[in-house]
Amino acid sequence: MGFTSTITDDEPAPTAGLSPDFPFVYEEWLNHRAGLGAVPVERHGTEVAVIGGGISGMVTAYELMKLGLRPVVYEIEELGGRMRTVGFEGHPEPRAELGSMRFSPSATLFHYVNKLGLKAVPFPNPLADATPSTVINLRGETHWARGPEDLPLTFQQVSDAWSKALHEKADLPVMMGAMERRDISVIKALWNRTVRELENQSFYGFLTSTAAFSSFEQREIFGQVGFGCGGWDTDFTNSVLDVLRVVYTEVGDKQYRIIGGSQQVPTGLWSHEPEELVHWPAGTSLARLHDGKPMPGVCRISRGGGGAGYLIEDVSGGVREYPVAVFTAQSWNLLSRIQCDPDLLPSDLWTAVERTHYMGSSKLFVLTDRPFWRDRDEKTGRDVMGMTLTDRLPRGVYLFDDGPDEPGVMCLSYTWNDDSLKVATLTAEERLEVVLASLAQIYPDVDIRSHIVAPPVSVTWETEPNFMGAFKSSLPGQYRYQRALFTNFMQDGFDAKHRGFLMAGDDISWLGGFAENAVETALNAVWGVMRHLGGATHPDNPGPGDLFDELAPVVI
Ligand SMILES: Cc1cc2nc3c(=O)[nH]c(=O)nc-3n(C[C@H](O)[C@H](O)[C@H](O)COP(=O)(O)OP(=O)(O)OC[C@H]3O[C@@H](n4cnc5c(N)ncnc54)[C@H](O)[C@@H]3O)c2cc1C
């Protein structure tokens, strides 16, 4: 595979990133020459606590610094959070993406990717142009394909059934047209109706309610092969609204991986020295403001003296007071790992945090001597292995090829929910054994083990103490909770005792599991902090809170 196709060859689609729930155009706000806004001069240098150093914490801190505030970042593990790229024993160069690994060229995340000068190449998704071959192994039968046209007719029928279901039940063509034209009134009219009609529907329920998916076999195949970035049956119990958000925002389409690893985006923002900077001297970066190191993890959050600010206690015993704080870690931490003042949030937000649902996820990686899977099989004339989707234990195998003379990286297994729990109690070595045994059924003539040059690396996010899950995924009937969480940056209507503590990140977004959406919530939080400190946006460049009434997510 060549690596000439960088993100700059492929301009982002104008629809990318436009959420049907809150169709604010974040990249316009970010790119406007007036900047995001301003806080009063006497507020310059004011400390703002930013809890969590993942992508949403870094975007929040970076933009607050540009406004002349002094973000103080707390991080309990390492900067990057779920954008975590690791090396292998004896091969420290970061190569294995334990969390996020593929991104649509959506405007908001790539605003930062481009700012940092990072390069991206097409991600080897199932049946994608960048994928030399895809192997689908279902019920013990194996199919090889270069593209969808090589698969048996049944697979084409399933793909047609999905399009038909979206046409019939979710106004797909009208919605996509409105997204492209940025026709806010049509987007809102269609989506508001969809929310009312489908908010209690699971993904599986949606499929069974359409004539297109009347056969069990079709639903089973669809669960395995899915659309865009892979199989979807582990999402069958989730709200169909989440799946429609993936379709409408195209976050699962035409994805890219970042050369050198996705962790470079948050860590890059940490050390980047922005040119447009208020109050701080040129050369200021988050790293400089923190003497190179974030504050330790947070263990307690309470109201400060007089109830005006927040006392943040870190695990080393340090306590500091802030007028405003932004919390970006997974929200379950507020329930179990951080002692919180009950007044931190209004009670409907506490309920929404309690009810938040996470997907689990495990990944297993190995480093190989070379991308041997591109070797030709003499008997068949095909590559010896391909990107693999299977209904057996490994579920998804992804192959990363940096050229014939470079080591290869295999994500030998990428699983969600129940499939993740099946391996959660195994060590990386034990996982390798069961996964290789399973893959030997599909590839009896391929000796994967002989190519592995370092001990395997694995992760299970639901057993990671400071995460407790991979990403938020809403269940049927949870729209109201999602709405409460997403809109928490609009605090004018809150009782005074609840104002000044903002939440951002994957949990707060409309659609978990996509960094793009976490970034948007960070930008909402920036608006909320600005407002809390008496600042405002420029009249020519209104922010998400200024346009809230016009764009507000429907109340049901
Ligand atoms: C397996 C997996 C696959 C994914 N795949 C993709 C993908 O391909 N594409 C995509 O776009 N997105 C993907 N995502 C989602 C994406 O990774 C997230 O949306 C994004 O990284 C979330 O960023 P965040 O800043 O909201 O949260 P996080 O990255 O979780 O950051 C929160 C930070 O808070 C820290 N923290 C926790 N507790 C405390 C405390 N008490 N004090 C201080 N700090 C604390 C954590 O250590 C962490 O660094 C994936 C996620 C996972 C887990």
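**The shell around the ligand**

Analyst: The ligand is surrounded by 39 residues, and the closest of them are Gly52, Gly54, Gly81, Ser100 and Gly505. The model is a predicted one, and every value given here is computed from it. By residue class, the shell around the ligand consists of 16 nonpolar, 16 polar and seven charged residues. Among the secondary-structure elements, helix H2 (55-66) and helix H17 (515-532) each contribute at least two residues to this shell.

The domain assignment of the protein lists domain 1 (7-81 + 259-358 + 469-547), domain 2 (154-254) and domain 3 (361-468). Seen against that assignment, the shell around the ligand takes at least three residues from domain 1 and at least three from domain 3.

Domain 1 also has a side that touches domain 2: 22 residues of domain 1 are in contact with 23 residues of domain 2. On the domain 1 side of that contact, the residues divide into 13 nonpolar, seven polar and two charged. The C-alpha centres of domain 1 and domain 2, for their part, are 30 Å apart.

In general, the strands of a sheet pair through backbone hydrogen bonds, in either a parallel or an antiparallel manner.

Turning to the protein as a whole, its secondary structure amounts to 18 helices and 21 strands. Its radius of gyration is 23 Å, close to the 24 Å that the globule rule gives for 556 residues, and the protein is therefore as compact as a globular protein of that length. Along the principal axes, the C-alpha atoms fill a box of roughly 75 × 55 × 45 Å. Buried residues account for 50% of the 556 residues, and, of the contacts with a separation of 6 or more, 73% are between residues 24 or more positions apart.

Notes: Residues numbered from 1 in each chain as written. Predicted model: local features only at pLDDT ≥ 70, side-chain atom pairs only at ≥ 80, totals over all residues. Near = placed C-beta within 6 Å. Helix = DSSP H or I, 4+ residues; strand = E, 2+ residues; numbered from the N terminus. Nonpolar A, V, L, I, M, F, W, Y, C, P; charged D, E, K, R; others polar. Domains from an automatic or database assignment. Rg over C-alpha atoms; globule rule 2.2 N^0.38 Å. Buried ≥ 20, exposed ≤ 12 C-beta atoms within 10 Å, placed from the backbone. Contact = placed C-beta atoms within 7 Å.
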